[in-house]
Amino acid sequence: METDVIDALIGIEPGSALDAIRNRRKQAREQAQASYRALFAPEDSGGVAAIERFAMAVFVTGLHGDAEIAAFYAARLAESGAAAELRAATDGASAAARGQGPYGAFPAGPLSREDAPGPAHRVAADLRRALGPRLAAAFDHLHMLVFHPRDAAPPALQALLDAGWSTTDIVTLSQIAGFLSFQVRAVAGLRALAATI
Amino acid sequence: MSDRIPDSILRPPPHTAPVVFTRALLDWLPWLEPLAVEALTERHRDALVDAARAKSAYFRLLARDPDALKARTLTDKDIFYNPDAGLPRAERELAAAATSRFNGCIYCASVHSRFSATYSKREDDVQRLLDEGVGADLGERWNAIVAAAVALSATPIAFGPEHVKRLRRAGLDDLAIADVIHAAAFFNWANRLMLSLGEPATTG
C-alpha cells in the first residue's frame, strides 16, 4: 500500500489518537495524498520533469526551516536521478534564501500603513549556472510565493515565461508551492496537537 | 497550445482594484490564459468537480493541471464542508479569513469573511477582523482561533503546543483543533494561488 506522506512525516501509527482524528476527515486525508501523487508522481509529468518538481520541493521546504520534511524531499530528489551538483546547488540556494514571512506591500491606500517591505530574492550567479535558467527562475519565484506572496505581479510570471516555463507549467509550479505550504503546516500543526494528547 | 508561439501574460481589462479588505463580492482577473470553456474535456470537467466552476476563470486556469486541481478541490471540500462534528463551519471559515487577512489576500478574505459572517451571524466581529487585522479583539474563543491561524501561517511556522492548549481552554476538542489546523494550512495554499495568478477587482 502507498505510504501516506503526511502520516509518515508526523509518525502517525495506525490506531493512534491522530490516526483516528485524521480518519474523521478521511476524504481530506486521502486527497492530500492524491495531491502529493498528482504533483510528485504524476501519470504524465507534462512539461515539468520529476527532477524539477523535487528540486522545487527541497527549495520550498528548506525555506520553511523544517529539516525533516526537507530531507524527505531531498531523498526523493536523489532517487529522481538528479546529479550531485544540482542537489548541492538546490541546498545552497535554499540555505541562502531563508527569511521570515509574510511580508510585502498592499495596494496603495488605507492598507499602506500595514506595508512590511522586504527583499525580492535572486538566486546567486554561481548557483544559477548549476541550476540552469529554468530552475533558477523558478526558485526566484518560489521565494516570493513562500515569503511575500502579496507582492506578486505579472512581471514575475513574465520572468518564468522568459525562462522557458509555459502557462501550464506555471500552474503546476504554483500548485507545488501551494501544496507544500499546506503540507508543512498540516504536519507542524498535527505534530503540535499530538504532543498535547 | 502551440509549440512555436511562446505563451504570454494577460493584461486585465480596465477595472478598479479593492484597496481595503471587504466582505463585498469581488471579481478575480487572471494574469495567465485559462482554458477556454469550449476546450474543456471530460477530464477537465471531472477535475472541476462542480460543473458551475467552468464559469470561473480561476478554476479554468487551474484545470491546466487537472489531477492537481481535482485532488485540491476534494481536500478543500472535506476540510470546510464535512459536517461530522469538529469545528463549526463558521469558525472553519474564520480560520480561512484570518489566514487570508494575515497573508494579504483581499480576494480570499472577502469570500471567507462573508461565509464566516453568514454562518456565525457575527458580522461586526468579522468586519473588525478585516478592518483592524489579526490583532482585533473578537472574544477569547475567536481570538484563540485567529492566533492559531496566524502562528501556523508564519514562515518559519510559529505554531506550537501553546496554541493547541489555548484552543482547548477555549472549548475546542481535538477534532475541532485539527479542523483549525487544516483550515489555516489549506488557506496558505489557496492564498498563494489567488495572489500570484491574478488580481481582484471590484464589481458593480
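A:Val146 is buried in this predicted model. Within 10 Å of this residue lie 27 other C-beta atoms. The cut-off for a buried residue is 20 or more, so A:Val146 falls in the buried class. A:Val146 belongs to helix H7 of chain A. Its contacts, leaving aside residues up to four places away in sequence, are A:Val60, A:Leu63, A:Gly101, A:Ala177 and B:Thr155. One of these contacts, B:Thr155, is a residue of chain B. A:Leu63 lies 83 residues from A:Val146 in sequence. In space, the C-alpha atoms of A:Val146 and A:Leu63 are 7.6 Å apart.

The contact between the two chains involves 60 residues of chain A and 56 residues of chain B. H9(A) provides the largest share, with 22 residues. By residue class, the side of chain A that touches chain B comprises 35 nonpolar, 20 polar and five charged residues.

Chain B is divided into two domains. Domain 1 spans 26-79 together with 197-202. Domain 2 covers 86-192. The centres of the two domains of chain B, taken over C-alpha atoms, are separated by 25 Å. Six residues of domain 1 are in contact with six residues of domain 2. On the domain 1 side, strand E1 (26-30) and helix H3 (66-81) of chain B each supply at least two residues. H3(B) accounts for the largest share of that side, three residues. The domain 1 side divides into four nonpolar residues, one polar residue and one charged residue.

Two helix pairs of chain B were examined for their packing. The crossing of H4(B) past H9(B) is right-handed. From H4(B), the contact draws on B:Arg92, B:Ala95, B:Ala96, B:Thr99, B:Ser100 and B:Asn103. These meet B:Asp179, B:Val180, B:Ala183, B:Ala184, B:Phe187, B:Asn188 and B:Asn191 of H9(B). Six residues of this contact are nonpolar, five are polar and two are charged.

The second pair consists of H5(B), residues 106-120, and H6(B), residues 123-132. Here the packing angle is about 155°, and the axes lie 9 Å apart. An angle over 145 degrees counts as roughly antiparallel, and H5(B) and H6(B) therefore have that arrangement. H5(B) passes H6(B) with right-handed crossing geometry. The residues contributed by H5(B) are B:Ala109, B:Ser113, B:Ser116 and B:Ala117. H6(B) contributes B:Glu123, B:Val126, B:Leu129 and B:Leu130. The contact of H5(B) with H6(B) contains five nonpolar residues, two polar residues and one charged residue.

How values were computed: Residues numbered from 1 in each chain as written. Chains lettered and ligands numbered in written order. Predicted model: local features only at pLDDT ≥ 70, side-chain atom pairs only at ≥ 80, totals over all residues. Left-handed = near helix turned anticlockwise from the far one by under 90°. Helix = DSSP H or I, 4+ residues; strand = E, 2+ residues; numbered from the N terminus. Contact = placed C-beta atoms within 7 Å. Nonpolar A, V, L, I, M, F, W, Y, C, P; charged D, E, K, R; others polar. Axes fitted to C-alpha atoms, helices over the stretch in contact; angles between N-to-C directions. Parallel < 35°, antiparallel > 145°, perpendicular 65-115°, else oblique. Buried ≥ 20, exposed ≤ 12 C-beta atoms within 10 Å, placed from the backbone. Domains from an automatic or database assignment.
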